[in-house]
Amino acid sequence: MSKIEEVKAKVEIGKTKLIPGLVQEALDEGNAPGEILQAMVDSMSVVGEKFSSGEIFVPEMLIAAKAMSKGVDVLRPLMAGDTSASLGTCIIGTVAGDLHDIGKNLVSMMIESAGFTMVDLGVDVPAERFVEAVKENENVTLVACSGLLTTTMPALKEAVQTIKASGLDVKVIVGGAPVTPEYAAEIGADGFAPDAGSAAVKAKELVA
Ligand code: B1M
């Protein structure tokens with residue numbers, strides 16, 4: 001088994017302590033950070049399928065997520081791009097009622113590498129908190145809202161509409177597994193992206 005396959009297998013079963021070392025070994029074997037990241041994203045898809053089929057439960061999902069986060073910590077410095085260009089500040093968070101943060105953290109990392117200063121509000125962020133954060137921070141040009149559950153899609157809508165109703169001059173980008181471009185447009189978001197890489201491209205486009 002190659003190191004990258006081992007990373008994938010061990011994330012799936014939540015071997016948190018082993019992951020930083022394995023990720024480093026996979027890098028030392030010559031694998032690109034993006035390839036290793038994709039292997040871990042694939043692990044989470046397997047975890048999601050196993051959860052859906054009742055093979056594993058929430059605690060197993062949680063430890064797999066922790067394992068992946070440890071791996072991302074090793075890759076983060078290698079994936080950060082040129083941050084010298086300042087495109088302003090981006091407020092990011094996962095919407096109210098939603099505790100999923102791995103995707104949001106990857107999106108944050110990629111938007112940062114596109115040249116934004118990031119302010120991360122974490123998970124379960126009420127709509128009004130996004131507005132407060134825009135007011136509290138300087139030069140906010142973008143708000144990025146993530147939502148992973150079909151049940152929190154209305155919270156995504158509330159976040160976008162609350163930010164828009166505040167009259168603040170910021171663009172809003174949304175995304176997350178259940179979100180479609182059509183839904184993003186319907187709720188009044190300025191942009192949508194299906195993954196972290198395209199979120200960075202879209203973020204730049206929106207504030208250009
Ligand atoms: Co949850 N969970 N979970 N979970 N979980 C899903 C999302 C699910 C699809 C699993 C399944 O049933 N197959 C399902 C949702 C079903 C649905 O709504 N349609 C689900 C469920 C049901 C639940 C609970 C309700 C389970 C329960 O309690 N019975 C519960 C809800 C808790 C809550 O939030 N209130 C729950 C809990 C959890 C854990 C806490 C245990 C854990 C999260 C830990 C954490 O994040 N720190 C967890 C996990 C790990 C998952 C899966 C397995 C993996 C999620 C993940 O991190 N993926 C997930 C199954 C799956 O995704 N296949 C699942 C990897 C990550 C890189 O991808 O987050 O999609 P993702 O992010 C991508 C894109 O979506 C996009 O870019 C990212 C990177 O490319 N993106 C954006 C994300 N945000 C974006 C923002 C943007 C643009 C793009 O612009 C701003």
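Biologist: How many salt bridges does the count come to?

Modeller: The count comes to 10 salt bridges. The model is a predicted one. The general idea is that side chains of opposite charge can pair when their charged atoms come close. One case is Glu6, which forms a salt bridge with Lys3, the closest N and O atoms being 3.4 Å apart.

Biologist: How far apart are Glu6 and Lys3 in helix 1?

Modeller: The general idea comes from helix geometry. An α-helix has 3.6 residues a turn, so residues three or four places apart point the same way. In this structure Glu6 and Lys3 are 3 residues apart in helix 1, which means that about one helical turn separates them. Glu6 is buried, at a relative accessible area of 19%.

Biologist: Which side chain meets that of Lys8 in a salt bridge?

Modeller: The partner of Lys8 is Glu12, with an N to O distance of 3.4 Å. These two residues are 4 apart in helix 1, so they too are separated by about one helical turn. Glu12 counts as buried at 19% relative accessibility, whereas Lys8 counts as partly exposed at 26%.

Biologist: What distance separates the closest N and O atoms of Glu12 and Lys50?

Modeller: Glu12 also forms a salt bridge with Lys50, and their closest N and O atoms are 3.9 Å apart. This pair links distant parts of the chain, since Glu12 lies in helix 1 and Lys50 in helix 3, 38 residues apart. Lys50 counts as partly exposed, at 25% relative accessibility. Elsewhere, salt bridges with shared partners join Lys3, Glu6 and Glu25 into one network.

Biologist: What span should the 20 residues of helix 3 have?

Modeller: At 1.5 Å a residue, helix 3 (residues 33–52) should span 28 Å; the C-alpha atoms at its ends are 29 Å apart, which agrees. Helix 3 is followed by Gly54, whose phi is positive, near 80 degrees.

Biologist: Which residues of helix 3 are buried?

Modeller: They are Ile36, Leu37, Ala39, Met40, Ser43 and Val47. Viewed down the axis of helix 3, these buried residues fall within an arc of 155 degrees, so they line one face of the helix. On the other side of helix 3, Glu49 and Ser52 are exposed. The cover over the buried residues of helix 3 includes helix 1 (3–12), helix 2 (19–28), helix 4 (58–79) and helix 5 (102–113).

Biologist: Within what arc do the buried residues of helix 6 fall?

Modeller: The residues concerned are Ala127, Phe130, Val131, Ala133 and Val134, the buried residues of helix 6 (residues 127–136). Down the axis of helix 6 they fall within an arc of 160 degrees, so they line one face. Lys135 and Glu136, on the other side of helix 6, are exposed. Among the elements that cover its buried residues are strand 1 (89–94), strand 3 (140–146) and helix 7 (153–165).

Biologist: How many residues surround the ligand, and which are the closest?

Modeller: The ligand is surrounded by 35 residues, of which the closest are Ser52, Leu99, His100, Asp101 and Ser146. Contacts to backbone atoms can then be read one by one. For Gly48, a backbone N or O atom lies 3.0 Å from a nitrogen atom of the ligand. For Gly97, a polar backbone atom is 2.9 Å from a ligand nitrogen atom. For Ala177, a backbone N or O atom lies 3.1 Å from an oxygen atom of the ligand.

Biologist: Is Ser146 buried or exposed?

Modeller: Ser146 is buried, its relative accessible area being 10%; the cut-off for buried is under 20%. Ser146 lies in strand 3. Leaving aside residues up to four places away in sequence, Ser146 touches Gly93, Thr94, Val95, Lys104, Leu156 and Gly175.

Biologist: Where is Asp169 found?

Modeller: Asp169 is in the loop between helix 7 and strand 4 (171–175). At 75% relative accessibility, Asp169 counts as exposed. Separation in sequence and separation in space may also be read together. Asp169 and Pro77 are 92 residues apart in sequence, and their C-alpha atoms are 32 Å apart in space.

Methods:
Residues are numbered from 1 along each chain as its sequence is written. This is a predicted model: local features need pLDDT of at least 70, side-chain atom pairs count only at pLDDT 80 or more; totals for chains, interfaces and linings use all residues. Side-chain values use heavy atoms; hydrogens and water are left out. Buried means under 20% relative accessible area, exposed over 50%, partly exposed in between (1.4 Å probe, protein chains only). The arc is that of the directions from the helix axis to the C-beta atoms. Contact means heavy atoms within 4.5 Å. The expected span of a helix is 1.5 Å times one less than its number of residues. A residue is near a molecule or strand if one of its heavy atoms lies within 4 Å of it. A polar contact is a pair of N or O atoms within 3.5 Å; within protein, one must be able to donate a hydrogen and the other to accept it, and residues adjacent in sequence count only if both atoms are side-chain atoms. A salt bridge is a side-chain nitrogen of Lys or Arg within 4 Å of a carboxyl oxygen of Asp or Glu.
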